[in-house]
Amino acid sequence: MNLQAITTQTKIGNLIIGNRILQAPLAGYSNMPFRLACWEHGRPGLLGTEMISAKSLAFANKKNEKYLLLNKNEGPVQYQIWGTEPEYLATAAKICEDRGAAAIDINCGCPVRKVNASGSGVSIMKKPELIGKCISAMKKAVNIAVSAKIRIGPNNEIFNGVEVAKIIEDAGADFITVHGRHGKESYNMPVRYEEISKIVDSVKIPVFGNGNIVDGNTAKEMLDKTNCFGIMIGRGCMGNPWVFAKIKAEILKKQWIPPSPAEVGEVLLTNYNRLIEIMGEEPATRHIRKLACFYSKGIIGSRDFRMKVNQITDKQSFESHVKIHFT
Ligand SMILES: Cc1cc2nc3c(=O)[nH]c(=O)nc-3n(C[C@H](O)[C@H](O)[C@H](O)COP(=O)(O)O)c2cc1C
């Protein structure tokens with residue numbers, strides 16, 4: 001595997017990405033300000049939205065505005081939708097395309113009960129034919145690239161990632177992302193590289209490997225062990241929008257200078273101010289408290305900062321705590 005290839009510009013169907021290191025969809029986190037920070041400081045190949053219910057999009061539910069919001073300064077954004085009804089997924093995909101999506105993904109990996117109750121998320125992997133119908137409908141509805149994000153199987157009894165991947169390919173999808181765990185496995189379980197590798201070998205379309213990638217070494221491990229086309233980063237970019245740039249530098253054996261605590265604090269405050277602009281001070285303050293905990297990893301006195309920040313309800317106190325701790 002030519003590791004350097006993942007740092008280069010690539011065309012997948014109608015989609016052109018600057019590199020093959022993607023930012024994962026992260027419900028509750030990957031809103032516009034989060035993605036903009038990733039773009040400005042890490043330049044991933046593709047940014048991912050939070051997952052959006054296809055049905056609620058098709059019914060024009062106003063609450064989806066916050067998920068659809070794009071900034072003209074972000075890079076290409078892949079919207080992710082979830083659902084099981086091909087007609088709603090097709091309508092939702094078209095709405096996303098019209099709103100500026102560079103690609104559209106169907107979530108076939110979410111283990112959350114609310115999503116799985118309707119047979120969506122990772123549960124849809126129990127019905128591979130239905131995934132095929134959903135992909136076909138989405139492909140017919142849009143001109144942008146269509147993908148699916150799957151796990152290696154829905155549970156420890158069914159490891160059908162290969163079967164699902166082939167159906168996804170036959171239905172016309174442009175690429176696949178595989179999170180190397182099954183639907184009942186938590187994050188403390190190891191990533192199953194060999195299962196990702198079987199999926200990579202079974203289809204011709206690009207497969208992106210996902211799970212536990214946080215730096216150049218873990219990126220290389222995924223690439224070496226699975227021969228995947230590219231990688232996707234989830235938790236590794238929470239509070240660390242620089243991770244994409246760091247991985248690129250480490251793969252290319254270039255020097256990587258991490259941001260200073262003051263720079264990290266500045267980026268956190270910029271993210272906060274952008275949140276205030278889109279949602280107002282109170283919800284933005286509630287939201288930034290959880291993101292700030294990720295940003296504070298590694299700073300001196302991070303425990304103290306996290307304890308203080310969790311009590312904060314106003315902008316001024318938040319800003320002063322960031323200025324004190326991020327120096
Ligand atoms: C807070 C959080 C939210 C997530 N939301 C989504 C989501 O909306 N859609 C999705 O397909 N996966 C979601 N995931 C899974 C990630 O995209 C990714 O597959 C998983 O975290 C493994 O990758 P990582 O080890 O790089 O974090 C979420 C994960 C976390 C931690």
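This note comments on the structure above in numbered points.

1. **Basis.** The model is predicted, so local features need pLDDT of at least 70 and side-chain atom pairs count only at pLDDT 80 or more, while totals for chains, interfaces and linings use all residues. Residues are numbered from 1 along each chain as its sequence is written.

2. **Overall form.** The chain contains 14 helices and 10 strands (DSSP runs numbered from the N terminus, helices being H or I of at least four residues and strands E of at least two). Its C-alpha trace spans about 55 × 45 × 35 Å along the principal axes. For 327 residues a compact globule would have a radius of gyration near 20 Å, and the chain, with 19 Å, agrees; the radius is taken over C-alpha atoms, and the globule rule is 2.2 Å times the number of residues to the power 0.38.

3. **Domains.** Domain 1 covers 3-251 and domain 2 covers 261-325, with bounds from an automatic or database domain assignment. Their C-alpha centres lie 28 Å apart. In total, 11 residues of domain 1 are in contact with 9 residues of domain 2 (contact: C-beta atoms, placed from the backbone, within 7 Å).

4. **Cores.** Of the 327 residues, 51% count as buried (20 or more other C-beta atoms within 10 Å of the residue's own, these atoms being placed from the backbone; exposed means 12 or fewer, and partly exposed lies in between). The largest nonpolar core has 85 residues, and Ile-81, Leu-89, Met-138 and Ile-231 have the most contacts inside it. Such a core is a set of buried Ala, Val, Leu, Ile, Met, Phe, Trp, Tyr and Cys residues joined through C-beta atoms within 7 Å. Helix H4 (residues 86-98) supplies the largest share of this core, 7 residues. Another core, of 14 residues, lies apart from it and includes Val-264, Leu-268, Ala-292 and Phe-318.

5. **Helix H1.** Why is helix H1 described as largely enclosed by the rest of the structure? The reason is that 9 of its 11 residues (32-42) are buried. Among the buried residues are Phe-34, Leu-36 and Trp-39. Their cover includes strand S4 (47-53) and helix H11 (261-279). Just after H1, Arg-43 takes a positive phi of about 50 degrees.

Terms used: Contact = placed C-beta atoms within 7 Å.
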